[in-house]
Amino acid sequence: MLELENLHAGVSTDGGLAKAILNGVTLSVPAGQVHAVMGPNGSGKSTLSYVLTGRPGYEVTQGSATLDGLDLTGLDPEVRAARGLFLSFQYPLEIAGVPVMTFVRTAMNAQRKARGEPEMSAPDYLRKSKTVAASLKIDPQMLSRPLNVGFSGGEKKRLEIYQMMMLEPRFMILDETDSGLDIDALRIVAEGVNALRAPTRGMLVITHYQRLLDYIKPDRVHVLASGRIVASGGPELAFRLEKEGYDGVIADAAL
Amino acid sequence: MTSIDELPSRRVEGWRWTDLRSALAGHNPPMAEGDRHVIARLAQAAGRMSTRVVASGESSVEIERLGGAALDVQALEFDVREGADLTLIVLQAGAETALSHRKIRLGERSVFRQFVLMDGGSLARIETDVEIAGAGATVEMSAVYLAAAGKHADLTSRVDLRAEGAIVRQLVRGAARKGGRGVFQGKFHVGREAQKTDARMKHNALLLEEGAEVFAKPELEIYADDVQCAHGNTAGQLDEAAIFYLRSRGIPDAQARAMITRAFLFEAIPDWLDAAVRTEAEGRIDAWLEAAP
């Protein structure tokens, strides 16, 4: 489903030159699977999420990234979203003056329009929103407030999952969704994520800690270091990382 | 006829960003004698000056539309008596040159509310001059200005506080495109007799494109020692990180920019505004945002 082949990417600077951050990432996430990407600070985890979703200022210099055979590089972020790509942000942004409900409905209908589908009616939207909000224990009043403005870290993360469940993307990237969440919130959020697991969907879970993977069980775990995947394995690799730290696992991989 | 020399040049402090002499050079409008404000004297000579009294305890709402003619000049003077309540709504659009001056004198415990929406013109200036003469007055002034290519939108205001215990709130939001120019000049003058004043001024502008201009001069001049006064002034570009966030959810770039700008400008539309005027104001801002830059 998601295929990364020798992906090199970096941040473009004013001179147009890129500071290399990803140095040849090769990764394949088949439909129906959840893969975790773990790695130390500065290894390129967030860059990977921005490169895949097309954030301006990030540039692919070599290699390829495809979703169901569609070359993602060079597509606008909104086109990628309409094709079913979703990023749950590590730091969700505050959007003053735009209520959550207005925002998500606008996004949903923009995606539908791009795909040539009819808009979702207001009553249908409200019905779905009510169910999703209840499952995430989100106070319905929060949905009338400006997006993320004055929300706590945990509320923002919950709202990311609310958006994800409303938009029903085909491929999801969760960038450190566990940071800022207490144990109960983590469980609720993970249940939301798990509800979206399906044979037709794929997921990339970026995290520092093994803890999140107790709740969202990955099929494969990859270790990202210095912009490359240096080790891959089953869920047991995450436990090994927790015990031995990144240094040990990365040193072993270098041998 | 007015000799150009009688008009303030750009060397005059309050006119350095708004070139009145060039704007009026082709018009040769007559100007009345006297020591009134220059726009008031132009309006007086053009027969577009009126003076009104809002009697004690009464309430008055006025809608002023500007921009009907190539040169539209008008001036209004209001004497708002004790406990009276005045609401002014100023809607300016489409004039080549629009100049408007209003002077409001506030009595004890009177209330003055104002909302201005302006699209600018080749030169447009809306001036508000408030004198707080009685204790315990309330002033709420909001404005939105939109400066597209070739448009000049100038909002200039002065609040003279000469009595104690006034509450003043001013919020101005503006947006300028390439080749458009916004001007905000706001002054609160808090005299020695204006103890217990609580006054806040805020001006925030968005420069939507390279080549947009906004000039701002917020001023507080305070001679009383027991007051709360604050002003905030910003001019900047849209937050690209926020734009990416919206786009990553599937909202196209232009729509994302319009959505954030809209929300920013709508914050200066006051809650007290009548529903019909609100609909008109919102519609005009939306149309401006949708118009091709």
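Chain B has 293 residues and a radius of gyration of 19 Å, which agrees with the value near 19 Å for a compact globule of that length. The radius of gyration is taken over C-alpha atoms, and the globule rule is 2.2 Å times the number of residues to the power 0.38. This is a predicted model, in which local features need pLDDT of at least 70 and side-chain atom pairs count only at pLDDT 80 or more, while totals for chains, interfaces and linings use all residues. Residues are numbered from 1 along each chain as its sequence is written, chains are lettered from A and ligands numbered from 1 in the order in which they are written, and side-chain values use heavy atoms, with hydrogens and water left out.

**Chain B as a whole**

- The C-alpha trace of chain B spans about 55 × 45 × 35 Å along its principal axes.
- Chain B contains 5 helices and 14 strands; helices (H or I, at least four residues) and strands (E, at least two) are DSSP runs, numbered from the N terminus.
- Of the 293 residues in chain B, 55% are buried. Buried means under 20% relative accessible area, exposed over 50%, and partly exposed in between (1.4 Å probe, protein chains only).
- Among contacts in chain B with a separation of 6 or more, 81% are between residues 24 or more positions apart. Contact means heavy atoms within 4.5 Å.

- Asp154(B) sits in strand β9 (residues 152–161) of chain B and is buried, at 0% relative accessible area.
- Beyond its neighbours within four places in sequence, Asp154(B) is in contact with several residues, including Thr18(B), Met118(B), Arg125(B) and Gln185(B).
- Glu280(B) belongs to helix α5 (residues 275–290) of chain B and is partly exposed, with a relative accessible area of 28%.
- Outside the four places on either side in sequence, Glu280(B) is in contact with Arg65(B) and Leu91(B). The side chains of Glu280(B) and Arg65(B) are joined by a polar contact of 2.8 Å.
- A polar contact is a pair of N or O atoms within 3.5 Å; within protein, one must be able to donate a hydrogen and the other to accept it, and residues adjacent in sequence count only if both atoms are side-chain atoms.

**Where chains A and B meet**

- Chain A gives 31 residues to the contact and chain B gives 18 residues.
- About 1900 Å² is buried between chain A and chain B, and carbon and sulfur atoms give 69% of this area. Buried area is the accessible area (1.4 Å probe) that two parts lose on being put together, summed over both.
- Glu78(A), Leu93(A) and Phe103(A) supply 28% of the area that chain A buries against chain B, more than any other three residues.
- Between the two chains there are 9 residue pairs in polar contact (both at pLDDT 80 or more).
- The largest share of the side of chain A that touches chain B comes from α3(A), with 6 residues.
- By class, that side of chain A has 18 nonpolar, 9 polar and 4 charged residues. Ala, Val, Leu, Ile, Met, Phe, Trp, Tyr, Cys and Pro count as nonpolar, Asp, Glu, Lys and Arg as charged, and the others, Gly among them, as polar.

**Salt bridges**

- A salt bridge is a side-chain nitrogen of Lys or Arg within 4 Å of a carboxyl oxygen of Asp or Glu. Over all chains the structure holds 42 salt bridges, and 3 salt bridges are counted between chain A and chain B.
- Arg249(B) and Glu160(A) meet through their side chains in a salt bridge (2.7 Å, N to O).
- Glu267(B) forms a salt bridge with Arg173(B), with the closest N and O atoms 2.8 Å apart. Glu267(B) lies in the loop between α4 (253–266) and α5 of chain B and Arg173(B) in strand β10 (residues 167–176), so the pair ties together parts 94 residues apart in sequence.
- Glu267(B) is partly exposed at 40% relative accessibility, whereas Arg173(B) is buried at 8%.
- Arg257(B) and Asp253(B) form a salt bridge between their side chains (3.2 Å, N to O). The two are 4 residues apart in helix α4 of chain B, which means that about one helical turn separates them.
- Asp253(B) and Arg257(B) also belong to a network of salt bridges with Asp76(A), Glu78(A), Glu240(B) and Arg247(B).
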